[in-house]
Each structure stands twice: as structure tokens, then as C-alpha cells.
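Subject: Two-chain model, handed over with notes

Hello,

Here is the structure I said I would pass on. My notes follow it.

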Amino acid sequence: MDQRSPRNRLYTGLFFVGLFASWVAFSGLLDAFHLALGVVSCGIVTWLSADLLFDDRTQPLSWRIRQGWRLLGYVGWLLGQVVLANVFVFKLAIAGRRSLQPQIIRHRTTLQSDFEKFLFANSITLTPGTVTMKILGDDYFVHAIDDVSAAGLGGEMERRIARIFEPPGR
Amino acid sequence: MIFSLLGGLLIVAGLVFFFGAALGLLRFPDFYSRMHAAGKGDTLSSLLVVIGFALHELHDFSSFTHDWPTILVILKLSAIVVFIFLTSPTSTSALMDAGWEDGVEPVIEPGRPNVLRDDTEAR
């Protein structure tokens, strides 16, 4: 990665602005002394770790914004799934042992980037009846609590995640 | 008033789901299925309770434009919500993986797959 490319400077600037906004929100003190402390701290953190986030900096900013927007939509959908998951656990807890068919299954994913994989693993854990146990390469090892949730793994969720990050014009 | 009521409602809903999680924790047969109850129940219930706190802090609509200290409290509570949502499922997976690596035997329904064991035997 070219450290001195202008786009990199843009990301560094955004990183600093984001940090400083959280500083102001969390401190709540707007006098010169505390703001100066904030500038110094955020500056040091930016200098040390600005290249931790967003490894692919060749993407234009407009893609990032579009992805962020779609990600928000996805999180909204996921929250609905979380509610369903809890209702499901509640039902199983009341029905007891006989309604469970615990099993560990494999799911091979087509998702590529680390962030997509992280998002997919967390989504599996949050949706009804399935928890990610392990990821080795493209293989997800998933503990499913009954047959129905084992059969419903992947599918729509994986497509939704792939759609968040696909480049525009496709 | 309306916000307090709504906040209270969310907190109660969170407690109900916490109860469901606790029930599952007690009744499920093994470590792995118990993590289902703990991991999912924890996420939603903590979210509901913390969002309930945030709504409870808002007194009426003028809080949005005039009551800066309250806005700051709500921003902090929202940060907690975001971090719970990110970390809770991840720690659930980490615990299940650690359990497997440590040799905790899962209860598997007869006739259903346990691909993790098959892979270990193949190796």
C-alpha cells in the first residue's frame, strides 16, 4: 500500500474526525483545555493506528458510504432475526429436551473478505437455533440446536451480506 | 411521560427475555446448547434494557433540542448498545470454540452429524 497516496490521507483525516467526535460526545466538556487534550490524544491514536481500519483503500469513498448505508439496513433486518431467535429459545426452553436435536454441521461459504466472514459468523450466532463454533478457511462449523435451524443455515443471510459489499454497477 | 412509559416497557421486555435465557440455561442438556440460550438471550435482553434506560432518560420531545446533558447520556448508552451487539455473539463463538478445544463432549442427537469429530478422526 502506498502510504503517501492522497486517498490514504483522506482516510486518515476521517479517522481523526471520527475519534474526535467520540471524544467530544464522551467527555461533554467543551472548554479549551479539554478540547486541546482531545486533539492531542486523538492525534496520537491516529498516528499510531490510522491504518488498522479499511485495508482496501483503493475503493472510492462513495462506495464506502453506500456500503455503510446497506449495512445499516442489514443490521435492521438482523435485529428482527435476534428477536425471533429469542422467542425461539424461549419456546425450546419451555418445551424441554425432546424438542432438541443438537448437531454440528459444516457450511462452506463463498464470502471472501475477513469483514464479511466476521459479519456472517456473528449473524449465524444471532439468528434462531444456530451458533458458529469455528471457522477454518471457507468452512464454518455450526452448532445447530434442531433439524429445522440446521436446514435453514446460510441461504438468504449469505446473499444479503454478499449484496452489501458488491461493487456498484453489477 | 410517553418516553418513560416506553422505556419501562422495553426494560420489562428485556427482563422477560432474560428469564427465557435463564430457563434455557437450566433446561438444555449440554454446554453447547446452553450457550445458545446464554448467547442469544444476553444480546437481546441487554440491548432492550439499555435502550429502555435511554428512553427513560428522555423526559419529553424538548429534550432532543435543549437538554444537552441528557443527549450526552443517551449517546453513551448507544455506544454501549453498539459494543454489546458486536461483542456478545463473538464471545459466544469464542466460548464454544474453547469448549470444543478443551474436550467438552457435545450431546448429539442420534443419527445427526458432528462434522467436527469426523474431521478430527480423519486427520
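Among contacts in chain A between residues at least 6 apart in sequence, what percentage join residues at least 24 apart? The figure is 62%, where two residues are in contact if their C-beta atoms, placed from the backbone, lie within 7 Å.

Some conventions before the rest. This is a predicted model, in which local features need pLDDT of at least 70, side-chain atom pairs count only at pLDDT 80 or more, and totals for chains, interfaces and linings use all residues. Residues are numbered from 1 along each chain as its sequence is written, while chains are lettered from A and ligands numbered from 1 in the order in which they are written.

Chain A

Chain A has 6 helices and 3 strands; helices (H or I, at least four residues) and strands (E, at least two) are DSSP runs, numbered from the N terminus. Of its 170 residues, 24% count as buried. Buried here means that 20 or more other C-beta atoms lie within 10 Å of the residue's own, exposed means 12 or fewer, and partly exposed is in between, with C-beta atoms placed from the backbone.

The mean pLDDT of chain A (the predictor's confidence in each residue, from 0 to 100) is 81, and 89% of the residues reach 70 or more. Within the chain, helix α2 (residues 32-49) has the highest confidence, at a mean of 89, and helix α5 (residues 147-151) the lowest, at 78.

Two residues of chain A are worth a look. T130(A) lies in strand β2 (residues 130-136) and counts as buried because it has 27 C-beta neighbours inside 10 Å. Leaving aside neighbours within four places in sequence, T130(A) is in contact with I124(A), V142(A), A144(A), S149(A) and L153(A). Its C-alpha atom is 9.4 Å from that of G152(A), 22 residues away along the chain.

G18(A) sits in helix α1 (residues 6-27). It has 13 C-beta neighbours inside 10 Å and therefore counts as partly exposed. From C42(A), G18(A) is 24 residues apart in sequence and 9.3 Å apart in space, C-alpha to C-alpha.

Chain B

Chain B contains 5 helices and 0 strands, so its elements are written α-α-α-α-α from the N terminus on. The C-alpha trace spans about 65 × 25 × 20 Å along its principal axes. Its radius of gyration is 20 Å, whereas a compact globule of 123 residues would have a value near 14 Å; the radius is taken over C-alpha atoms, and the globule rule is 2.2 Å times the number of residues to the power 0.38. Buried residues make up 27% of the 123. Of the contacts in chain B with a separation of 6 or more, 70% are between residues 24 or more positions apart.

Two packed helices are described by the angle between their axes and the distance between the axes. For α2(B) and α4(B), the axes come within 9 Å and cross at roughly 180°. Axes are lines fitted to C-alpha atoms, for helices over the stretch in contact, and angles run from 0 to 180 degrees between N-to-C directions. The crossing angle makes α2(B) roughly antiparallel to α4(B); angles under 35 degrees count as roughly parallel, over 145 as roughly antiparallel, 65 to 115 as roughly perpendicular and the rest as oblique. The residues of this contact are 18 nonpolar, 8 polar and 2 charged, with Ala, Val, Leu, Ile, Met, Phe, Trp, Tyr, Cys and Pro taken as nonpolar, Asp, Glu, Lys and Arg as charged, and the others, Gly among them, as polar.

P106(B) is in the loop between α4 and α5 of chain B and counts as buried, with 20 C-beta neighbours inside 10 Å.

Between the chains

The contact takes 31 residues from chain A and 36 residues from chain B. On the chain B side, the elements giving two or more residues are α1 (2-27), α2 (31-57), α4 (68-101) and α5 (115-122). That side divides into 19 nonpolar, 11 polar and 6 charged residues.

Helix α4 (residues 114-126) of chain A and α4(B) have axes that come within 9 Å and cross at roughly 85°, which means that α4(A) is roughly perpendicular to α4(B). This contact has 3 nonpolar, 5 polar and no charged residues. A121(A), N122(A), T125(A) and L126(A) meet P89(B), T90(B), T92(B) and S93(B) there.

Regards
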